[in-house]
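Dear colleague,

Please find the structure below, followed by a summary of what was found in it.

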Protein chains: 2
Amino acid sequence: MRVRLEDVARAASVSPKTVSRVLNDEANVSDATRKRVLAAMEAMDYRPHPSARSLAGSRSFLVAMLYDNNDNPASTYLAEIQDGVLEACDEHRYSMMVRPLRMRGDDFIRRLDTLISDHHPDGVVLTPPITDYAPLLKRLRERNVPYASVSPMQRNGVIGVTMDEQGAARAIVEHLLALGHRRIAHVIGIADHGASRWRLAGYREAMAAAGLPEDPALVVQGAFTFGSGVAAARELFALEQRPTAVFAANDDMATGVMWAAGEYGLKVPHDLSVCGFDDTPLARQLWPALTTIQQPSREMGKIAATQLLNLLRGRGPGQLVQVPFSLQIRDSTARVP
Amino acid sequence: MRVRLEDVARAASVSPKTVSRVLNDEANVSDATRKRVLAAMEAMDYRPHPSARSLAGSRSFLVAMLYDNNDNPASTYLAEIQDGVLEACDEHRYSMMVRPLRMRGDDFIRRLDTLISDHHPDGVVLTPPITDYAPLLKRLRERNVPYASVSPMQRNGVIGVTMDEQGAARAIVEHLLALGHRRIAHVIGIADHGASRWRLAGYREAMAAAGLPEDPALVVQGAFTFGSGVAAARELFALEQRPTAVFAANDDMATGVMWAAGEYGLKVPHDLSVCGFDDTPLARQLWPALTTIQQPSREMGKIAATQLLNLLRGRGPGQLVQVPFSLQIRDSTARVP
DNA sequence: GACACGGATGACAGCGCTGTCAATTTGCTG
DNA sequence: CAGCAAATTGACAGCGCTGTCATCCGTGTC
């Protein structure tokens, strides 16, 4: 019926243990033996039984990807990260499990414990915004579960992948400055998300570098949602000195800003330049198409998972890899009127 | 260290086998014993080891969700279905695995085989458009892997969940008819997707019921993408007798139609009514907001998974449940000019 | 009161692998 | 070529559970 390790052993005239060694890339197997065993495995299309492996050994060959489905960032973003993580897991013959963790509510630590007790993942991949939630990280360390993060805020000792969010925000504001804008507003994302802080910092840095003193009226709080973008924009348009450009901390809020501009009879980009962050599919579908920052989400998921897997498989300590962003200049930004 | 079944057995003064019976809801355990065992489990916070269970028994307690990441429908839709499936699996203490399967390319049957051989899922959940791909269904039956589908086209003997897509399409076209429209165009989705066919059928049915002969020029092929919506709309707008309303088979194409309307100087909804299908978040964020059909995706994922799990757990044969749609009338449709 | 019967319970082996440790072989050294 | 360490290989138990089958017990029957 099913080909077992023992069958391979018999075919290769070695003991089961030796086949196990080859299967797990262990040392102390002669090249000749290794080749013979690999050939037998190949010939018999041998598939190790994951349950038997994890029962007998100490590893589960399972990676869990954790995400927050409450303050959900764009689902496209998560879906792409998930695809990347999955790809990396497949390459290393690990399986992957996804776990939503509502950060609101106090039972999420219990849910994390349940995950660990029930499924024994060898490691987890953390996605924004739960990359920096201290109680969660603490629990993972207590439970001795290694993790890698996608775009963490705290970067000391963490492995995974980052993007230079601050630099990206700076680049987009510099783009607006180059178009002659001076009254540039910023709509902030959810306050305690790392992304919000870096993007705000980039905005401030670019403005300061251009010698423009910060006008508190031009920096308004949003919450990463379309509706919060609308609200923020209304606030901005009600100012006596309206901004000529708005940089929203994500595309959804930028869309809200464009909507509100319609309400106020402002033409984008003629009367108002708008830009976002993330390059969701939406950005290209808007009219006018949105100037924004693109990040390689899928790639980032893959890199984070790869770092984790390197660590799990004892291939060095794992790193925090930085990936490049790209400024997508489209039709929602133009020279100052 | 870890609490094992044996520990629970000792605490409840029964044999391990009896604890196993309770754990698996088997018959032939007296109520008194069952209660005692359950109490012990609870008190000791016992967690069965999934690997041990699946190694010893014949089940893996694993459900795989298959999706096509090539002709990817809106990722939001899939993400919601995934959340629903996951919720159902959690409730039944099954674990879930997601598997992208590129339908393009001929290796996807091999990828399916790999999935089954490597992970031994007890069952799979199929999402559009792979609910009706014959070779895949055949292979699943050959391999004896039960499946449930979300919105399958072939409905005989299949379990899972459906929505009355044809009825929904009819409803949205009737809405346009009620607004006085007569020249109503339809942009079709990818030809071999079930969704495309049902939606086209609903369009035809409503038009016929209103006594309007079908004008082939008003029915154009799209591919579910924004770009294909733009192309289709350009074709329609170039007609001598332009349509006064366009029903696109999904929101992305409807967005494309609105974009093209902008190019042609047509104001939506004043000069042209547009509606879509799916109610993606995008629909609410457009300006004007899009009239469309909402389906309870998350709920649908949960229902499909629940039917599968009922089957797997021997609770009857599983059904094909129909869920209601809801017509979301927003600002992109208005009385005929 | 002897017997049959069905429900409740338990003894035991084994699922397919890996950890431990012992046995064997190889390669060197002097 | 003896002698020894290192490299290679194997024997065996056991991971935590479930399937099979045997045993036990209470009840009803004549």
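**Surface near DNA strand C**

The surface near DNA strand C is made up of 10 nonpolar, nine polar and six charged residues (Ala, Val, Leu, Ile, Met, Phe, Trp, Tyr, Cys and Pro count as nonpolar, Asp, Glu, Lys and Arg as charged, and the others, Gly among them, as polar). This is a predicted model in which local features need pLDDT of at least 70 and side-chain atom pairs count only at pLDDT 80 or more, while totals for chains, interfaces and linings use all residues. Residues are numbered from 1 along each chain as its sequence is written, chains are lettered from A and ligands numbered from 1 in the order in which they are written, and side-chain values use heavy atoms, with hydrogens and water left out.

Sugar or phosphate accounts for 66% of the atoms of DNA strand C within 4 Å of the protein, and bases for the rest. A base oxygen, in turn, lies 3.3 Å from a backbone N or O atom of B:Ala56.

**Interface of chain B and chain A**

Chain B and chain A each contribute 42 residues to their contact (heavy atoms within 4.5 Å). The buried area is about 3600 Å², with 53% from carbon and sulfur atoms (accessible area, 1.4 Å probe, that two parts lose on being put together, summed over both). B:Trp259, B:Gln285 and B:Trp287 supply 18% of the area that chain B buries against chain A, more than any other three residues.

Six salt bridges are counted between the chains (a side-chain nitrogen of Lys or Arg within 4 Å of a carboxyl oxygen of Asp or Glu). One salt bridge joins B:Asp118 and A:Arg47, whose closest N and O atoms are 3.2 Å apart.

**Domains of chain A**

Chain A is assigned domain 1 (5–48), domain 2 (62–163 + 297–325) and domain 3 (165–295), with bounds from an automatic or database domain assignment. The centres of domain 2 and domain 3 of chain A, taken over C-alpha atoms, are 29 Å apart. Their contact takes 13 residues from domain 2 and 15 residues from domain 3. About 1200 Å² is buried between these two domains, 67% of it from carbon and sulfur atoms, and zero salt bridges are found across their interface.

With kind regards

Definitions and conventions:
A residue is near a molecule or strand if one of its heavy atoms lies within 4 Å of it. A polar contact is a pair of N or O atoms within 3.5 Å; within protein, one must be able to donate a hydrogen and the other to accept it, and residues adjacent in sequence count only if both atoms are side-chain atoms.
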